[in-house]
Amino acid sequence: MTEKVKVRIDGEVIAATAGQTILEVARASNTYIPALCYMEGLSAVGACRLCMVEISGVGRLQPACTTPVQEGLAVVTSSPQLQAYRKIALELLFAERNHICAVCVSSGHCELQTLAQDHGVKYVRYPYSFPRLPIDVSHPRYVLDHNRCILCSRCVRACAEIEGAHVWDVAGRGTQSMLVSEMKRPWGEATSCTSCGKCVQACPTGAMAEKGWGVEEMTKHRTTVSRLTSMREGS
Amino acid sequence: MTRITIDHVTRIEGHGRITIQLDDMGKVCDARFHVTQIRGFEKFTEGRPYYEMPSITSRICGICPVSHLLASVKACDEIMAVRVPSAAAKLRELLHCAQIVQSHALSFFHLSAPDLLLGMDADPARRNIAGLLEEHPDALRDGIALRKFGQQTIERLARERVHPSWTVPGGVNAPLDPQAREKTLAELPAAAAVVQRTLAMWKKTVDGFPNEIDAFSNFPTMYLGLVGPDGALRLYDGNLRFVGSDGAIVADQIRPQDYASYIGEASLPDSYLKAPYYRPAGYPDGIYRVGPLARLNVADRCGTPDADAELAEFRERYGRIVQSGFHYHYARLIEATYALERMQQLLDDPAILDTKVRAHAGVNSSEGIGVIEAPRGTLIHHYRVDDNGAITWANLIVATGHNNLAIGRGVLQVAQRFVDGNKIQEGALNRVSALVRAYDPCLSCSTHALGLVPLVLELRGPDGQVLDELATP
C-alpha cells in the first residue's frame with residue numbers, strides 16, 4: 001500500500017503519496033510552479049531549473065520536478081529570491097540562441113515567451129551569443145529550427161517513452177549541445193522516425209513546427225503526450 | 001574645391017547623406033546621394049523555410065510592411081504553385097489600398113507638407129509638423145485622419161497595423177469580418193473628402209513652386225509600373241510596362257517572372273544602395289523612375305472615375321508624360337483617390353466575404369517571384385528554394401532602388417540650380433533635401449537596412465576639404 005504523507009506547500013498542509021514529486025503534488029493542489037523541461041506524462045529530468053523551490057532545512061534550492069516529497073516537507077514555491085533566479089534562467093535561455101519572437105511561428109503560443117512575460121523579462125542582461133545554427137527542413141512535414149531550441153529534451157523523451165522510436169537525442173557538451181536525430185542524420189532521412197509528430201507537440205517553443213505555418217500560426221496540442229500516457233496506463 | 005554635406009537628410013525613411021562638390025568659382029560641379037546603411041536580409045534568410053519570408057522581410061520596414069508582406073506572399077504562392085482563392089486576392093488588394101492611402105498620407109502631410117505649406121525657406125525650427133499645427137491645423141488634422149483611416153483599415157482586416165501575420169502564402173489566414181467591412185465602408189466617404197480637399201488645395205498651391213517644378217529631377221527618363229491587360233493602373237497585380245520620356249511604350253506586358261531580362265542592378269562605389277537600370281539600354285543610360293508619378297506616366301488610365309478625372313486634369317496641366325519629380329506629390333494625391341475608389345469597389349463586391357481564403361500546398365516550384373506596386377514604386381521579391389523549401393537565394397529590388405539613379409541626378413540638378421557655394425543658404429540646402437523627399441524614399445527598405453532617419457549635407461572645396469556641413473539634429 002502506498003504510503004500517505006503530509007507536506008506543506010507555501011504554508012498549506014497537503015496530503016500526498018510518497019514517491020510523488022513536489023511539482024506533481026503542487027500542481028495537483030493548484031499551486032503553480034513554472035517549468036519548461038517538465039511535461040506531464042514524460043519522465044522528469046530537472047534540466048531547465050525553472051521549477052527550483054526552497055525547502056526548509058535544506059540549504060540550497062531543489063528542482064520540484066525531480067525531488068520526491070516526504071513526511072513533513074515544507075516547501076516555498078515563490079519568493080523574491082526564486083523569482084530572481086527564474087528570471088536569470090529565462091534570460092540565459094534567450095541569450096544562448098537566436099529567439100526572435102517577432103518572426104517565430106509559435107509567437108503567442110510559446111511556453112518560453114509566456115514564462116518570460118510572466119516573469120517580467122523585458123530585456124536580457126547577458127550578452128547574446130548569436131550562434132550560427134542550422135535549420136533542418138529535410139522532413140516532409142516538420143521543421144526543426146535549432147535557433148529556437150532550448151534543449152529541454154521533451155521531444156527526446158516523447159519520442160523514446162511514448163512513441164518508442166527514440167529518434168532524438170542531445171549530442172555534444174555544454175554550449176555545443178545540439179538536438180540530433182538518429183545519430184546526426186537529417187530528420188528527413190531518419191529511418192526510425194514514424195512522422196507521428198509527438199515531438200512537435202511536446203516542443204515548448206517554435207523549434208519544432210509543422211511545415212507551412214506562418215508567423216504566430218503554430219499552435220500545439222499540449223495535452224497530447226499526457227493523454228497518451230494516461231491512456232496507456234489505463235488511468 | 002569645396003564640398004557641402006547634408007548629413008542627415010531629415011523627414012525621409014532611413015539614413016542618407018548628400019555631398020555637393022563645388023569648383024573654384026563656388027559653383028556646384030557635382031552632387032551625390034549616398035545611402036549609408038546596410039542590412040543583409042538577402043543573405044541571412046538563406047536556409048530558412050520559404051513560408052517564414054513574409055514575416056521576416058516585412059521587418060525591412062515599419063512604414064510599408066504590408067508591401068513587403070504582399071510581395072513576399074506572392075513569391076511564396078509561386079513556390080507553392082497555387083492559385084490564391086479569389087476572395088483572398090481581393091482582400092490582399094484591399095489591404096494594399098489601405099496601405100497606399102496611409103503611406104501617401106504620411107509622405108504628403110507628415111514629411112513633405114512642412115516644405116510645401118510653410119515654404120522651403122521657412123525657419124527650420126518651425127518647418128516641421130509642430131509648425132504645421134500652428135499655421136495649417138486643418139490640413140494637418142486631415143493628414144492625420146487620412147493616415148489613421150488607412151492604418152485602422154489595415155488593423156481591422158489584419159488585426160495588427162504593423163507587421164500583421166494575416167497575409168500568408170496561399171492567401172490570408174482569416175476571412176473578412178462583415179463588421180469590418182461595414183465600418184470601413186462607413187468611413188470611406190470621409191477619407192475621400194480629405195483627399196478631395198487636399199487635391200483642391202494643392203492644385204491652387206502647386207503653381208507657386210515654378211522653380212522647384214523646373215529643377216526637381218526635371219529631366220527625361222523612362223518610367224516603370226504595373227499595368228493591367230488593358231493598360232490601366234494596377235497596384236496589387238499586373239504586368240510590367242516601361243514607357244519612354246516621350247510617352248512611347250518601350251516594353252509592355254512583361255510578366256513579373258521575366259523581370260530579370262529587363263532590369264539589371266549596378267553597385268555604386270559611394271552608396272550601399274544598388275542602382276537598377278533598364279537592362280537593354282545598359283548602365284547608366286537605362287535610368288528609369290518608379291512610384292506614383294511613374295505609375296501615372298506608365299498607365300493609360302486609372303480605371304476609376306474620380307481618379308481618371310483627376311488624371312485627365314493633371315495631364316492637361318503638365319502633359320501626357322510629366323517629368324518633374326516635384327509632381328510626385330500631386331501624383332500621390334491622385335493615387336490616394338484611386339486607392340479609395342478601389343477600396344469601395346472591392347468592399348461593394350459581396351464575394352469579398354467568401355470564407356475560402358487560403359490554399360495549402362508544399363513546395364511545387366523551386367523559384368518564386370512576387371511583384372507589387374508599393375507606395376514608393378515597384379517592389380520585387382525573388383526567392384529560390386531547395387526541394388525541402390529552404391531558401392537558397394533571395395533578391396529584393398525595392399522602389400527606392402529603382403529611383404536611385406534619378407534621385408542622384410536630381411540632387412545634382414537641384415543643387416546646381418539653388419546652391420551657391422559662395423553663400424550657402426539653409427533654404428537652398430533644404431531644397432536639395434526636399435528633392436529627395438519628393439521621391440519619398442525609404443532607405444531602410446532600399447538597403448533592407450536598420451536605423452533612424454537622418455541625412456547629412458557636406459560642402460567640400462576643390463581640395464576635398466569640408467567647408468561646411470549641415471546635419472540635422
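Which residues does Ala35(A) touch, not counting residues up to four places away in sequence? Ala35(A) touches Leu23(A), Cys48(A), Leu50(A), Cys51(A) and Cys65(A). Two residues count as in contact if their C-beta atoms, placed from the backbone, lie within 7 Å.

The structure is a predicted model: local features need pLDDT of at least 70, side-chain atom pairs count only at pLDDT 80 or more, and totals for chains, interfaces and linings use all residues. Residues are numbered from 1 along each chain as its sequence is written, while chains are lettered from A and ligands numbered from 1 in the order in which they are written.

Ala35(A) also belongs to the largest nonpolar core, which has 207 residues. Such a core is a set of buried Ala, Val, Leu, Ile, Met, Phe, Trp, Tyr and Cys residues joined through C-beta atoms within 7 Å. A residue is buried if 20 or more other C-beta atoms lie within 10 Å of its own, exposed if 12 or fewer, and partly exposed in between. Ala35(A), Cys51(A), Leu91(B), Val101(B), Val411(B) and Ala415(B) touch the most other members. Helix H4 (residues 86-118) of chain B supplies the largest share of this core, 17 residues. Helices (H or I, at least four residues) and strands (E, at least two) are DSSP runs, numbered from the N terminus. At least three residues of the core come from each of domain 1 (4-78) and domain 2 (100-233) of chain A.

These two domains make up the domain assignment of chain A. Domain bounds come from an automatic or database domain assignment. The domain centres, taken over C-alpha atoms, are separated by 25 Å. Their contact takes twelve residues from domain 1 of chain A and 17 residues from domain 2 of chain A. The domain 1 side has nine nonpolar, two polar and one charged residues. Here Ala, Val, Leu, Ile, Met, Phe, Trp, Tyr, Cys and Pro count as nonpolar, Asp, Glu, Lys and Arg as charged, and the others, Gly among them, as polar.

Between the chains, 17 residues of chain B are in contact with 14 residues of chain A. On the chain B side, helix H2 (residues 53-57) gives the largest share, three residues. That side divides into six nonpolar, eight polar and three charged residues.

In chain A, helix H3 (residues 111-118) has Glu111(A), Leu112(A), Gln113(A), Leu115(A) and Ala116(A) buried. The buried residues of H3(A) pack against helix H2 (80-96) of chain A. Just after H3(A), Gly120(A) takes a positive phi of about 65°. Thr229(A) lies in helix H6 (residues 224-233) of chain A. Thr229(A) is partly exposed, with 17 other C-beta atoms within 10 Å. Leaving aside neighbours within four places in sequence, Thr229(A) is in contact with Gly41(A) and Ile162(A).

Several backbone features stand out. Most residues other than glycine have a negative phi, and most peptide bonds are trans. Ser195(A), not a glycine, has a positive phi of about 60°. Ser195(A) sits in the loop between strand E9 (178-181) and helix H5 (198-202) of chain A. Gln253(B), also not a glycine, has a positive phi of about 50°. Gln253(B) is found in strand E8 (residues 249-254) of chain B. With 13 C-beta neighbours inside 10 Å, Gln253(B) is partly exposed. A cis peptide bond joins Tyr283(B) and Pro284(B), with omega about 0°. Pro284(B) lies in the loop between strand E10 (275-278) and strand E11 (288-289) of chain B.
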